[in-house]
Amino acid sequence: MSISPESDEIKYAKGLEGVIAAISGISFIDGDQGILVYRGFSIETLAKHSNYEEIVYLLLHGELPTRPELEELTNKLKEYRTCEALMPSIRSFPKDAHPMDVVRSAVSLMGIYCPDKFDFSKEIKMQKVLRVVAKLPSIVASYDRIRKGLEPIEPDNSLNHAENFLYMLNGEKPDELSAKIMDIMFILHADHGMNASTFSAMVTISTLSDVYSSLTAGIGTLKGPLHGGANERVLKMLREIKSVDNVKPWLDEALEERRKIMGFGHRVYRAYDPRAKILKKYAKQLGEQKQGDLLFEIGEKVEEYMLEKVGAKGIQPNVDFYSGIVLNHLGIATDVFTPIFAISRSAGWGSHILEYLESNRLFRPRAIYNGPYHQEYIEIENREGE
Ligand SMILES: CC(C)(COP(=O)(O)OP(=O)(O)OC[C@H]1O[C@@H](n2cnc3c(N)ncnc32)[C@H](O)[C@@H]1OP(=O)(O)O)[C@@H](O)C(=O)NCCC(=O)NCCS
């Protein structure tokens, strides 16, 4: 049977809007109420009481760990932090590469170097996910240093995931507040239902491809400015706006030209993204500490004016709006923002692909065919336009 545009047997949802593609117990979004839960725990509770390592366990195993379980997972992550096999490649990458391309390529390379690459057992799949979760901070930090002409730093196993990342990035142990904020950043980005990159990773694993291919697909999808790449663009936009007074004229022109304002809007949320609410608080706190830095003030004005202009359509700040301001205050390079999102989301991608494999079915949608039928084949020498 061919599917034609006239067929009424099928429903077409552009961008798969509203299409249910899987059953999952990992995270839930109530877009009208602005609620996000991981395994039944609200994001606010987790940001307040938990830490990223615990979230990794929660997402992967479905429940909070006991102390020994958490210790075992934390030790595994520490064991996997080093990435000697990848270092010659990371050193050889062009210094002007986008760190997100480095992340994508490095995870793909992990599939080549993994000692268990031909073992497709459930247990080893879980280990492969943990390897990616553990190595991503080292990959991002090492490349950031190498491109600046600095030597990469060995991981410090006395530090937790967030602390160690900042240490490997900056070469000094972070202060308490910076480490806390990075940990919260990791918690907030760890999972988000059936988003584009998670779906992408799931499509890949549904062919019974391997964990690294699947996570590489997720990273490639996250990179785009309509998804995780928005955080980097938000900062560029705020810098371009430059002053609080320029917010209105800048936005008027952008909206007039029907440009998408980065860090606003969401396929699922019509209410304020709960992650943005948490990050806004930290953006404000860090902004107040930095005399003369107007980013937060400009950002707040952008939010205020956007809500006035398009808030009624349900276009509100999303997670990427304030995360850029926070990361900038932590001294992190703009093009490292999306890789930080990837570091965190690797736990979510891993959880979803392992869950999906429990009752796998190949993803294979169809398209409405609107091309021609019954074409007559003309030999090349008889075609016009030679
Ligand atoms: C996230 C996003 C892709 C969701 O898009 P979507 O569900 O496909 O929604 P649409 O693009 O169909 O937008 C619906 C309407 O809202 C408007 N809209 C959505 N996001 C907007 C934004 N960021 N700025 C201005 N207008 C926006 C669209 O122009 C459209 O208006 P119309 O109905 O008058 O044509 C979109 O909001 C966007 O591009 N945001 C900016 C990028 C971003 O921050 N991404 C990170 C998401 S966490």
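Visitor: Where do aspartate 101 and arginine 104 lie, and how many residues apart are they?

Guide: Both sit in helix α5 (residues 99-113), three residues apart, which is about one turn of the helix. Keep in mind that this is a predicted model.

Visitor: What do the side chains of that pair form?

Guide: The general idea comes first. Side chains of opposite charge can pair when their charged atoms come close. Here, aspartate 101 forms a salt bridge with arginine 104, and the closest N and O atoms are 2.9 Å apart.

Visitor: Are those two residues buried, exposed or partly exposed?

Guide: Aspartate 101 is partly exposed, at 22% relative accessible area. Arginine 104 also counts as partly exposed, because its relative accessibility is 29%.

Visitor: How many salt bridges does the structure hold?

Guide: There are 17. Let's look at another one: aspartate 335 meets arginine 147 at 2.7 Å, N to O. This pair ties together distant parts of the chain, with aspartate 335 in the loop between α15 and α16 (337-357) and arginine 147 in helix α6 (residues 122-147), 188 residues apart.

Visitor: Which residues do salt bridges with shared partners join into one network?

Guide: Asp144, Arg147, Lys148 and Asp335 are joined that way.

Visitor: Which residues form the positive surface patch?

Guide: To read a patch like this, look for charged residues without a salt bridge and with over 30% relative accessible area. In this structure, Arg258, Lys260, Arg267, Arg270 and Lys313 make up the positive patch. Take lysine 313 from that group: you'll find it in the loop between α14 (295-310) and α15 (319-329). Its relative accessibility is 60%, so lysine 313 counts as exposed.

Visitor: What about serine 214: buried or exposed?

Guide: The cut-off for buried is under 20% relative accessible area. Serine 214 is at 0%, so it counts as buried.

Note on methods: Residues numbered from 1 in each chain as written. Predicted model: local features only at pLDDT ≥ 70, side-chain atom pairs only at ≥ 80, totals over all residues. Heavy atoms only, no water. Patch = residues over 30% accessible without salt bridge, like charges linked within 9 Å, V, L, I, M, F, W, Y side chains within 5 Å. Areas by Shrake-Rupley, 256 points an atom, 1.4 Å probe, with all protein chains shown as cover. Salt bridge = Lys/Arg side-chain N within 4 Å of Asp/Glu carboxyl O. Lys, Arg positive; Asp, Glu negative; His and termini not counted. Charge placed at Lys NZ, Arg CZ, Asp CG, Glu CD. Helix = DSSP H or I, 4+ residues; strand = E, 2+ residues; numbered from the N terminus. Buried < 20%, exposed > 50% of the residue type's maximum accessible area, 1.4 Å probe, protein only.
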